[in-house]
Amino acid sequence: MTITEPQRTPHEVGTKIVLEASGVTMRFGGLTAVDDVSMQVHEGEIVGLIGPNGAGKTTFFNCLTGMYIPTEGTVTLNGTKLPPKPLKVVRAGMARTFQNIRLFGNMTALENVMVGRYCRTSSMALTSILRGPKFKREEAATRERAQELLDYVGLSKSTELLARNMPYGDQRRLEIARALATDPQIILLDEPTAGMNPKETEETMHLIFKIRDSGMAVVVIEHDMRFIFNLCDRVLCLVRGSLLVEGTPGEVQSDHRVIEAYIGGDEDKEEIA
Ligand SMILES: Nc1ncnc2c1ncn2[C@@H]1O[C@H](COP(=O)(O)OP(=O)(O)OP(=O)(O)O)[C@@H](O)[C@H]1O
Ligand SMILES: [Mg+2]
């Protein structure tokens, strides 16, 4: 598991904690999918979350973003405890993308990003129905911002394409644009390069650096170790719901427990013995 030298751009990780999860546990009946996991994410930091299939990574994201109410534990954003309600979490400043892409397939790329923007617009249902001047002004601003975000993620030419007709890699980028439309302070990405070719993966790495450089904190789940170790300031490895190892990319990639968790090192040792 030797990875090429990190290509991270030099930058300072802040000392301010943006996101803090304390003792988060999620049980489904007899299965403990997330077991007492704590994590701190600082301003300007890119944190990686790795672990074998079924380790609890997505479930942990679901607990952070209010999709699940954790059985135990708390999640705070900028020191304020988050209610376990997805819309409230988004409004508080945390956005996410999904492992299984969740776009509106029959809407255009632009419309998908505009949907993300609506949590920041003030037009109420009645204003929308009456379509008064305030609604029209807000709609024009939303459209303009959505186009800016498509340009930002490299989808300038896809504005009018239906999401379902876009290549897989572009759909993942569109999800990032929609998440950015909510004006987050922190963005959680669940397998942003799954299904991408090496060129798209490289472009996604640069997009995430750009997002970080704009002042956001980032948490990324990925199975692509080269991607994770080149991208992240700090990496957490979950195994069977528990936090196994936490450290710099260098520390984590050389930790034998991480290697064993992925390749089943115990059995290998027995075979060798
Ligand atoms: N809603 C649910 N009800 C019951 N069990 C669940 C639920 N969601 C997840 N699980 C279980 O929790 C465990 C962790 O699943 P999770 O999807 O979080 O893993 P993961 O680390 O994201 O895996 P992958 O790398 O394959 O995406 C698995 O055993 C899964 O079957
Ligand atoms: Mg997952």
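Me: In this predicted model, which residue of β8 stands opposite Leu 49?

Reply: Leu 49 stands opposite Ile 221 in β8.

Me: What makes β3 and β8 a strand pair?

Reply: Pairing requires at least two bridges between two strands. Four bridges join β3 (residues 46-50) to β8 (residues 217-221), and the two strands run parallel.

Me: What makes β3 mostly covered?

Reply: A residue counts as buried if 20 or more other C-beta atoms lie within 10 Å of its own. Five of the five residues of β3 are buried, and the strand is therefore described as mostly covered. Ile 46, Gly 48 and Ile 50 point one way, Val 47 and Leu 49 the other way, and all are buried.

Me: Why is α3 called roughly perpendicular to α5?

Reply: The axes of α3 (residues 109-117) and α5 (residues 133-152) come within 9 Å and cross at roughly 115°. Angles of 65 to 115 degrees count as roughly perpendicular, so α3 is roughly perpendicular to α5. The crossing is right-handed.

Me: Which residues form the contact of α3 with α5?

Reply: From α3, Ala 109, Leu 110, Val 113, Met 114 and Arg 117 meet residues of α5, including Thr 142, Arg 143, Ala 146 and Leu 150. By class, the contact has seven nonpolar, two polar and three charged residues.

Note on methods:
Residues are numbered from 1 along each chain as its sequence is written. Chains are lettered from A and ligands numbered from 1 in the order in which they are written. This is a predicted model: local features need pLDDT of at least 70, side-chain atom pairs count only at pLDDT 80 or more; totals for chains, interfaces and linings use all residues. Axes are lines fitted to C-alpha atoms, for helices over the stretch in contact, and angles run from 0 to 180 degrees between N-to-C directions. Angles under 35 degrees count as roughly parallel, over 145 as roughly antiparallel, 65 to 115 as roughly perpendicular and the rest as oblique. A crossing is left-handed if the near helix is turned anticlockwise from the far one by less than a right angle, and right-handed if clockwise. Two residues are in contact if their C-beta atoms, placed from the backbone, lie within 7 Å. Ala, Val, Leu, Ile, Met, Phe, Trp, Tyr, Cys and Pro count as nonpolar, Asp, Glu, Lys and Arg as charged, and the others, Gly among them, as polar. A residue is buried if 20 or more other C-beta atoms lie within 10 Å of its own, exposed if 12 or fewer, and partly exposed in between; C-beta atoms are placed from the backbone.
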